[in-house]
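Here are some notes to read with the model open beside you. Take the points in order and find each residue as you go.

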Amino acid sequence: GIVLVAINPYEQLPIYEQDVIYAYSGQNMGDMDPHIFAVAEEAYKQMARDEKNQSIIVSGESGAGKTVSAKYAMRFFATVGGSASETNIEAKVLASSPIMEAIGNAKTTRNDNSSRFGKYIQIGFDKRYHIIGANMRTYLLEKSRVVFQAEDERNYHIFYQLCASASLPEFKHFGLSKCFYVFAP
């Protein structure tokens, strides 16, 4: 298959805006510079032409920009699939991210919000190739961070968020006051 090597610039660049999506839409692979939108367009065209499911695998090290790349691919599909203004599918699919990040993210030496879970996002299209829905499945990675952290790292953010909330009345029955000393950074 097609392989795209991307580097996370750690800042917003104008290469992911709406006009760039339209520039890549309908183009053949190789006609334009390598880009996540080129990969998404190729998958979209093959889905429409061959009427077969397509997959885009986004892989990389902590902080490489995998989640952001997946968001850009979904934005591309939502725009070319006629769903960007109608349902804002990207926002709906990613609406669970803050909760999932609290439960599944940790601090590493290379990334303060490193994902400790994998995501499998399945986007459904109708016969006209418009997005009709999506499903996100997550699976936990690196369970060892629950009980062990390397120096200058910390375990899942949710532990710290719960302990920081231990004094709130609605959290009293959880018995969190003792955990604060165990999980405090």
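1. T67 sits in helix α3; helices here are DSSP runs of H or I with at least four residues, strands are E runs of at least two, and both are numbered from the N terminus.

2. A word on where this comes from. The model is predicted, so local features need pLDDT of at least 70 and side-chain atom pairs count only at pLDDT 80 or more, while totals for chains, interfaces and linings use all residues. Residues are numbered from 1 along each chain as its sequence is written, and side-chain values use heavy atoms, with hydrogens and water left out.

3. Now the record. An unreviewed UniProt entry lists G60, E61, S62, G63, A64, G65, K66 and T67 under "binding site". Of these, G60, S62, G63, A64, G65, K66 and T67 are in the lining of the largest pocket. UniProt positions follow the numbering used here, feature names are shortened, and annotations may be inferred rather than shown by experiment.

4. Take S62 from that list. S62 is in the loop between α2 (36-50) and α3 (66-80), and counts as partly exposed because its relative accessibility is 23%. Beyond its neighbours within four places in sequence, S62 is in contact (heavy atoms within 4.5 Å) with T108, N111, S114 and R116.

5. What is a pocket, then? On a 1 Å grid over the protein atoms alone, a pocket is an open set of points with protein on both sides within 12 Å along at least five of seven lines; a cavity is a set where a 1.4 Å probe fits but cannot get out; lining residues have an atom within 4 Å of a point. Grid points are joined across faces, edges and corners, and a volume is the space filled by probe spheres set on the points.

6. The largest pocket holds about 1600 Å³ of space. It has 48 lining residues, and the closest to its centre are I56, A70, K119, Y120 and I121. Which element gives the most to this lining? That is β3, with nine residues.

7. The second largest pocket has a volume of about 890 Å³. Of its 35 lining residues, L4, A6, I36, V58 and S69 are the closest to the centre. Here α2 gives the most, with five residues.

8. α2 also gives the most to the lining of the largest cavity, with three residues. About 60 Å³ of space lies in that cavity, and its lining includes A38, E41 and E42.

9. Is α2 itself enclosed or open? It is largely enclosed by the rest of the structure, because 11 of its 15 residues are buried. The cover over those buried residues includes α1 (18-24), α3 and β3 (117-125). The length of α2 agrees with expectation too: at 1.5 Å a residue, its 15 residues should span 21 Å, and its end C-alpha atoms are 21 Å apart. The expected span is 1.5 Å times one less than the number of residues. Just after α2, E51 takes a positive phi of about 50°.

Note on methods: Buried means under 20% relative accessible area, exposed over 50%, partly exposed in between (1.4 Å probe, protein chains only).
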